[in-house]
Amino acid sequence: MNMELNEFVANFAEQFDDTDPAEIKAETTFRELEEWSSLVGMSVIALAKTTYGKAITGAELKTCQTVEDVFNLISNK
Amino acid sequence: MPERIVTNEELVAEFPEWSVDKVAAKVGVYSRHLSAPDETAGDMAEKAARQLFEEYNVDPKSIDFLMLCTQSPDYFLPSTACILQNRLGISTSAGAFDYNLGCSGCVYGLVVAKGLIESGIAKNVLMLTAETYQKYLHPSDKSNRSIFGDGAAACLISTEGIAEIGNFSLGTDGSGAEHLIVKTGATRCKHSTGNVAEDADGHKRFDDYLYMNGSAIFNFTLDAVPAMMKDILLKNEMERDDVDYFVFHQANKFMLNTIRKVCVIPKDKFYVNLEETGNTVSSTVMIALKDCIDRGTICPGMSVMITGFGVGLSWGGTILKF
């Protein structure tokens with residue numbers, strides 16, 4: 001499970017262009033990152049769909065605070 | 001295309017806090033055309049038709065059916081297509097109507113035109129697509145103002161021509177109607193409400209302007225388009241490798257690239273170009289096809305898959321054999 005979470009965190013970090021991947025951890029509150037925007041949010045929705053085959057909505061993503069929350073959201077689908 | 005061009009530099013002057021370069025790199029739009037205040041979809045469709053007549057030496061009198069795809073008609077009634085019959089000098093013995101679809105509109109026009117021709121009802125069908133979505137956008141809606149562009153296109157469908165229209169895959173899901181909508185102004189809600197609320201993506205949802213639920217449309221597309229691609233191949237008895245080129249509705253670069261990866265289509269067979277036009281709704285596929293023909297990307301002998309998908313929700317696709 002931890003392995004999967006680490007992989008997800010790495011994939012999540014890849015959705016950012018300028019943010020140092022080292023800055024993004026499971027417990028990171030991603031909305032506080034300077035680069036976060038609705039467009040990055042769209043990338044995360046695409047990641048869920050294309051890599052994990054799960055559809056998450058904008059409303060569901062809004063309930064997530066940390067990267068791990070997003071991981072759990074997708075895992076529980 | 002309308003004459004007025006709005007560049008990203010102009011948009012950023014209105015929204016200085018906006019990282020326009022990043023957005024442009026992602027959605028793939030650097031400038032778009034904007035209809036003049038007194039310029040309508042009917043006006044743009046007329047221009048597109050006249051260009052088609054001139055470039056391909058078409059006699060308007062030879063046209064016996066005229067269809068206009070638009071969601072921004074000149075009037076509630078009559079059909080803008082009826083007005084265009086007169087303005088274009090098309091015979092009064094021709095049939096004409098508007099049909100209301102967005103990004104799937106080009107494919108549905110081909111569906112109807114092929115039916116009219118195969119049944120012998122018409123011989124030369126003029127299909128026009130024209131949209132002035134920019135008139136539906138709230139001035140503060142920078143996302144949609146950057147993605148959409150006004151534009152029109154024209155195509156003649158006849159008993160013979162440069163490409164044969166194959167079998168279609170079509171689909172509709174009205175349960176997603178609210179995801180891309182202009183709520184007020186028609187009969188369900190005739191009067192402006194002035195209502196505005198924030199959606200889950202953090203975008204403002206104005207009742208009186210065009211609203212797009214980006215994440216919902218995105219998820220819909222990623223469900224519908226790969227399945228549609230398989231169905232088009234099945235209905236045309238083809239394999240993916242038999243298709244020489246793919247021209248999908250030019251929604252935005254980010255969505256197209258995601259679709260391309262999900263559908264496992266090679267980059268060099270997949271058209272992505274909306275840098276100077278933006279998303280022109282029902283006109284993107286025809287504008288793209290014309291661009292490909294002019295550049296020689298599409299040439300005789302090639303099989304080209306076209307698809308449209310979006311507002312409705314509605315989707316459709318087919319194979320064009322050049």
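Chain B of this predicted model is divided into domain 1 (4-161) and domain 2 (169-180 + 213-321), with bounds that come from an automatic or database domain assignment. The centres of domain 1 and domain 2 of chain B, taken over C-alpha atoms, are separated by 18 Å. Across the boundary, 30 residues of domain 1 of chain B are in contact with 32 residues of domain 2 of chain B; two residues are in contact if their C-beta atoms, placed from the backbone, lie within 7 Å. On the side of domain 1 that touches domain 2, the elements of chain B that give two or more residues are helix 2 (20-27), strand 2 (31-34), helix 5, strand 5 and strand 6. Helix 5 of chain B gives the most to this side, with 6 residues. Helices (H or I, at least four residues) and strands (E, at least two) are DSSP runs, numbered from the N terminus.

Residues are numbered from 1 along each chain as its sequence is written, while chains are lettered from A and ligands numbered from 1 in the order in which they are written. As the model is predicted, local features need pLDDT of at least 70 and side-chain atom pairs count only at pLDDT 80 or more, whereas totals for chains, interfaces and linings use all residues.

The contact between the chains takes 14 residues from chain A and 17 residues from chain B. On the side of chain A that touches chain B, helix 2 (38-52) and helix 3 (58-62) of chain A are the elements that give two or more residues. Helix 2 of chain A has the largest share of that side, 8 residues.

The secondary structure of chain B comes to 9 helices and 15 strands. The radius of gyration of chain B is 19 Å, close to the 20 Å that the globule rule gives for 322 residues, so chain B is as compact as a globular protein of that length. This radius is taken over C-alpha atoms, and the rule is 2.2 Å times the number of residues to the power 0.38. The C-alpha trace of chain B spans about 55 × 45 × 35 Å along its principal axes. Of the 322 residues in chain B, 47% are buried; a residue is buried if 20 or more other C-beta atoms lie within 10 Å of its own, exposed if 12 or fewer, and partly exposed in between, with C-beta atoms placed from the backbone.

Helix 9 (residues 284-295) of chain B has 12 residues and should span 16 Å at 1.5 Å a residue, which agrees with the 16 Å between its end C-alpha atoms. The expected span is 1.5 Å times one less than the number of residues. The buried residues of helix 9 of chain B are B:Thr284, B:Val285, B:Met286, B:Ile287, B:Ala288 and B:Leu289. They pack against elements of chain B including helix 5 (105-118) and strand 14 (303-310). Just after helix 9 of chain B, B:Gly296 takes a positive phi of about 85°.
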